[in-house]
Amino acid sequence: MSVQSAIRRKTAPDLRIRKNGEPIVMLTSYHAHTAALVDRHCDAILVGDSLGNVMHGFETTVPVTLEMMILQGCAVMRGSSQALVVVDMPFGSYEGSKEQAFQSAVRIMKETLCGAVKLEGGARMAETVAFLSERGIPVMGHIGLTPQSINALGSFRAQGREEANWAPIENDARAIAEAGAFSIVIEAVAEPLARKITQSIAVPTIGIGASAACDGQILVLEDMLGLSPRSPKFVRRYGNLGPAIEEAIAGYARDVKSRAFPGPEHVYDMKKS
């Protein structure tokens with residue numbers, strides 16, 4: 001069997017040609033078991049640095065390390081089989097230079113076997129995006145609200161809500177697209193601006209708090225399942241698993257305390273001679 005015929009996963013070019021086509025479905029995942037569930041319904045899975053918030057309780061994504069991203073990227077790759085897996089490049093792993101970015105991206109792709117990386121930043125990262133793309137690394141861009149820049153932004157606030165502020169964000173999208181990004185996440189950007197950007201650039205846009213006109217959508221899995229204690233305005237909850245999980249845990253605790261669990265069916269008898 002040839003290597004080509006063995007490939008089953010979607011690739012960055014598969015998403016790239018979805019511009020103005022069927023919307024791209026994308027969710028985050030950080031574990032093998034959730035990746036298996038997401039994989040059945042999504043075109044792409046993002047191993048997001050939001051794992052810092054979701055898994056480790058960090059207030060921001062800034063403390064997340066390259067090693068953390070690689071570890072969870074490997075788990076998601078093991079749990080999935082058909083979706084394109086994109087791994088976030090964490091803060092501090094790519095901003096220093098385009099060469100630093102290349103080394104970090106190579107580590108991610110070699111150690112996880114994922115299909116693409118994602119990095120934050122607009123025009124200032126265009127040279128880096130071009131450098132990676134020219135060397136065979138598919139790059140997903142990320143503009144608008146960029147959580148890794150929270151200490152510079154001051155707060156998690158929507159971008160572009162005044163038309164006078166549109167030009168820099170439009171320039172960011174154009175610069176990243178022209179540099180070779182195969183798609184661009186637009187986060188927490190005023191709807192008319194996200195719509196305009198989507199219509200004006202040649203690569204697919206993936207919205208999160210942006211516009212239904214984007215070429216695809218992404219949410220943090222735990223947010224849409226109701227597992228996060230707080231979630232942004234742009235999240236629609238498709239489940240409310242938090243209370244259900246707590247109810248199950250409370251039931252387990254009651255049964256353990258009353259010795260109702262384990263029951264006879266959960267323990268092992270002696271072998272009959």
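Predicted model: local features only at pLDDT ≥ 70, side-chain atom pairs only at ≥ 80, totals over all residues.
Biologist: How many aromatic pairs does the count come to?

Modeller: Rings of Phe, Tyr and Trp pair if their centres lie within 6.5 Å. By this rule, the number of aromatic pairs is two.

Biologist: What geometry does the aromatic pair of Phe-102 and Phe-131 have?

Modeller: The ring centres of Phe-102 and Phe-131 are 6.2 Å apart, and their planes lie at 90°. Planes over 60 degrees apart fall in one class. The pair of Phe-102 and Phe-131 is therefore edge-to-face.

Biologist: Which parts does the pair of Phe-102 and Phe-131 tie together?

Modeller: The two residues are 29 apart in sequence. Phe-102 lies in helix 6 (residues 98-112) and Phe-131 in helix 7 (residues 126-134), so the parts tied together are helix 6 and helix 7.

Biologist: Which residue lies over the face of Phe-131?

Modeller: A charge sits over a ring if CZ of Arg is within 6 Å of the ring centre and within 35 degrees of the ring normal. At 3.6 Å from the ring centre of Phe-131, the residue over its face is Arg-135.

Biologist: Which elements give two or more residues to the lining of the largest pocket?

Modeller: The largest pocket holds about 930 Å³ of space. Its lining comprises 36 residues, and Ser-50, Asn-53, Val-220, Asp-223 and Pro-232 lie nearest its centre. The elements giving two or more residues are helix 4 (51-54), strand 6 (183-187), strand 8 (216-219) and helix 11 (221-224).

Biologist: How many charged residues has the lining of the second largest pocket?

Modeller: The second largest pocket has a volume of about 330 Å³. Of its 16 lining residues, Gly-207, Gln-217, Ile-218, Leu-219 and Tyr-238 are the closest to its centre. Strand 1 (24-28), strand 7 (205-208) and strand 8 each supply at least two lining residues. By class, the lining has 11 nonpolar and four polar residues, and the number of charged residues is one.

Biologist: What span is expected for helix 12?

Modeller: Helix 12 (residues 241-257) has 17 residues. The expected span is 1.5 Å times one less than the number of residues. From its first C-alpha to its last, helix 12 reaches 24 Å, close to the expected 24 Å.

Biologist: Which residue takes a positive phi just after helix 12?

Modeller: The phi in question is about 65°. The residue that takes this positive value just after helix 12 is Arg-259.

Notes
Residues numbered from 1 in each chain as written. Heavy atoms only, no water. Phe/Tyr/Trp six-rings, centres within 6.5 Å; stacked < 30°, edge-to-face > 60°. Helix = DSSP H or I, 4+ residues; strand = E, 2+ residues; numbered from the N terminus. 1 Å grid on protein atoms, 1.4 Å probe; cavity = no way out; pocket = protein on both sides within 12 Å on 5 of 7 lines; lining within 4 Å. Points joined across faces, edges and corners; volume = space filled by probe spheres on them. Nonpolar A, V, L, I, M, F, W, Y, C, P; charged D, E, K, R; others polar.
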